[in-house]
Amino acid sequence: MIDGLCKDGKISDAIELFLEKTDKTNGGFCSPNHVMYTSIIQALCNDGRIFKASKFFSDMRFDGLRPDVITYVVMLQGHFQAKHMPDVMMLQADMIKMGIMPNAVTNEVLASGYQENRYLKSAFRCFEDLKRNQALDVVLSQENL
């Protein structure tokens with residue numbers, strides 16, 4: 001339901017429902033989960049509200065939920081869109097520190113975002129990682145034949 005409200009652009013309604021459902025002190029009846037948080041974070045990022053999205057990202061961690069690669073990609077895209085390059089670099093480092101290695105989608109987002117923001121050395125490194133990962137995927141899939 002929260003995801004549907006977010007996709008319909010009703011972000012305030014989604015946040016209100018999220019808070020209502022998860023605030024146990026006021027009769028809330030469910031625990032927040034990755035889908036709820038990531039849906040709201042993505043809607044906020046798409047709406048250009050990166051600071052509010054970052055607050056939800058922090059709240060997610062405070063609630064004991066570990067962001068997954070999808071949540072990180074959403075946050076990275078939001079920060080690239082807002083041109084918050086130091087935050088992009090911190091998120092990228094945090095992601096790796098948390099043991100979440102960038103996949104092909106993540107590397108593509110990073111490479112494109114760095115390129116669009118004229119961080120060409122970083123973009124090149126991500127393109128190299130992307131090529132290396134694709135080559136590894138081909139080798140692994142051939143070994144499984």
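Begin by selecting F57 and Y72 in this predicted model, where F57 is buried and Y72 is buried as well. With both side chains shown, turn the view until the two rings can be compared: their centres lie 5.5 Å apart and their planes stand at 75 degrees, so the pair counts as edge-to-face, an angle over 60 being what that label requires. Colouring by helix then shows F57 in helix α4 and Y72 in helix α5 (residues 69-81), so this pair ties together parts that are 15 residues apart in sequence.

The structure holds five aromatic pairs, and another one to select is that of F18 and F56, which is also described as edge-to-face, with 5.8 Å centre to centre and 65 degrees between the planes. Here the link joins distant parts of the chain, since F18 sits in helix α2 (residues 11-22) and F56 in helix α4 (residues 50-62), 38 residues apart. Both of these phenylalanines, F18 and F56, are buried.

Finish on I2, which, leaving aside residues up to four places away in sequence, touches A14, L17, F18, M36 and I40.

Terms used:
Residues numbered from 1 in each chain as written. Predicted model: local features only at pLDDT ≥ 70, side-chain atom pairs only at ≥ 80, totals over all residues. Heavy atoms only, no water. Phe/Tyr/Trp six-rings, centres within 6.5 Å; stacked < 30°, edge-to-face > 60°. Helix = DSSP H or I, 4+ residues; strand = E, 2+ residues; numbered from the N terminus. Buried < 20%, exposed > 50% of the residue type's maximum accessible area, 1.4 Å probe, protein only. Contact = heavy atoms within 4.5 Å.
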